[in-house]
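Thanks for coming, everyone. Let me put the sequence and the structure up, and then I'll walk you through them.

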Amino acid sequence: MNVRTTSLTPPAGAIAPVRHPDAPAPGELLGAHYDQCFGCGEAQPHGLHLATRAGEGVSVTARFTVKAAHQGAPGLAHGGVLAAALDETMGALGWLLRVIAVTGRLETDFVRPVPVDTDLYLDAHVVAVRGRKIYSTATGRIGGPDGPVAVRADALFIEVKVDHFIANGRPEEINAALSDPDQVKVARAFEVNP
Ligand SMILES: CCCCCCCC(=O)SCCNC(=O)CCNC(=O)[C@H](O)C(C)(C)COP(=O)(O)OP(=O)(O)OC[C@H]1O[C@@H](n2cnc3c(N)ncnc32)[C@H](O)[C@@H]1OP(=O)(O)O
C-alpha cells in the first residue's frame, strides 16, 4: 500500500526554489490572478481583497484588512478566513516560479485572536521544491510588518497542468475566463506563464 506522508518538512532531495527570470520585480504589486477569486479578486464582493507584492527571491508580502463579514466570534476574524488569507498568499508564490500549483495540504497555527478592522501583514516564501511538490511557509502579523505573529502556516502545493482547472471547473466560469480578450488575464486566471 502506498502510504502518503503528511509531513510538511521538505524531504531529502528537495532543492532551493528558483525565481523565474520574468518574475515581477521586488515591490511590484501582483494584482488579482482572477477577478472572482475569493482571496484576491477585485470583483468578488465576499472576498478578502488581498493585495500581494513580489518580494526578494521566491517570496511575497500581502495586506488583508479584516472586515465585519469575516467574523467568527463577535468582533474576531474567523479562523478559516485567516487560513484562506495564508493559503492565498502562498498561492501567489507560483507566479514567481511561473508554475501552476494548487494547495494539497495546509497546516495553520492560530497564535493570537485577530479583531475586526485589523490589518494583517502577511509574508510567504517557498522553502524548497521536490519534483511537483512545493513546500511553502507564511506568517501573518498584526500592527505592522514587524508586529506580533497572529497566524502562521506551512503548506504543500502540487504543480498541476492547466487541464486541472479545465477538467474540474464549472464550465460557465471556465469558458468565461478563457474567452476574455485580455490574454494576460486569461493566463493569470489559471496562473499560466503567458
Ligand atoms: C491558480 C492558483 C490559485 C491559488 C489559490 C490559493 C490556493 C488554493 O486554494 S488551490 C484550491 C485548493 N486545492 C485543491 O483544490 C486541490 C485539490 N486536490 C487535487 O486536485 C489533487 O489531490 C492534487 C492535484 C493536489 C494532487 O493530485 P495528483 O496530481 O494526482 O498528485 P499525486 O500523484 O496524488 O501526488 C503527487 C505528490 O504529491 C503528494 N501529495 C499529493 N497530495 C498531498 C497531500 N494532500 N498531502 C501530502 N502530500 C500530497 C503525493 O504523495 C505525491 O508525492 P510523491 O511524488 O513524493 O509520491
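**A walk through the model**

R98 is found in the loop between helix 2 and strand 3. Helices here are DSSP runs of H or I with at least four residues, strands are E runs of at least two, and both are numbered from the N terminus. Phi of R98 is near 60°, a positive value in a residue other than glycine. R98 is partly exposed because 16 other C-beta atoms lie within 10 Å. The cut-offs: buried means 20 or more other C-beta atoms within 10 Å of a residue's own, exposed means 12 or fewer, and partly exposed is in between, with C-beta atoms placed from the backbone.

Some ground rules. Residues are numbered from 1 along each chain as its sequence is written. This is a predicted model, so local features need pLDDT of at least 70 and side-chain atom pairs count only at pLDDT 80 or more, while totals for chains, interfaces and linings use all residues.

How confident is the predictor? The protein averages a pLDDT of 94, and 97% of the residues score at least 70. That score is the predictor's confidence in each residue, from 0 to 100. The model scores ipTM 0.97 and pTM 0.96.

A second residue also has a positive phi without being glycine: D117, near 80°. D117 lies in the loop between strand 3 and strand 4. D117 counts as exposed, because it has 10 C-beta neighbours inside 10 Å.

Now helix 1, residues 79–91. Buried residues of helix 1 include L82, A85, L86 and M90. G80 lies in helix 1 too. G80 counts as exposed, because it has 11 C-beta neighbours inside 10 Å. The C-alpha atoms of G80 and T108 are separated by 9.5 Å, although the two are 28 residues apart along the chain.

On to the core. A nonpolar core is a set of buried Ala, Val, Leu, Ile, Met, Phe, Trp, Tyr and Cys residues joined through C-beta atoms within 7 Å. Which members of the largest one touch the most others? Of its 42 residues, they are F64, A85, L86, L93 and L122. Elements that give two or more residues to this core include strand 2 (59–65), helix 1, helix 2 (93–97) and strand 4 (119–130). Strand 6 gives the largest share, 6 residues. Take L93: leaving out residues up to four places away in sequence, L93 touches V58, V60, A124, V126 and S136. Contact means C-beta atoms, placed from the backbone, within 7 Å.

Next, the strand pairs. Two strands pair if DSSP finds at least two bridges between them. Strand 3 (residues 101–110) and strand 6 (residues 149–159) run antiparallel, joined by 9 bridges. There, V102 has I158 as its bridge partner in strand 6. Strand 5 (residues 133–142) also runs antiparallel to strand 6, with 9 bridges. Here T137 partners D154. The hairpin of strand 5 and strand 6 has 6 residues between the strands, and in it G143 takes a positive phi near 90°.

Last, the record. UniProt, in an unreviewed entry, places "domain: Thioesterase" at residues 75–139. Its positions are given in the numbering used here, feature names are shortened, and annotations may be inferred rather than shown by experiment. In the model, that span is 28% helix and 45% strand, and its end C-alpha atoms lie 22 Å apart.

Key. Two residues are in contact if their C-beta atoms, placed from the backbone, lie within 7 Å.
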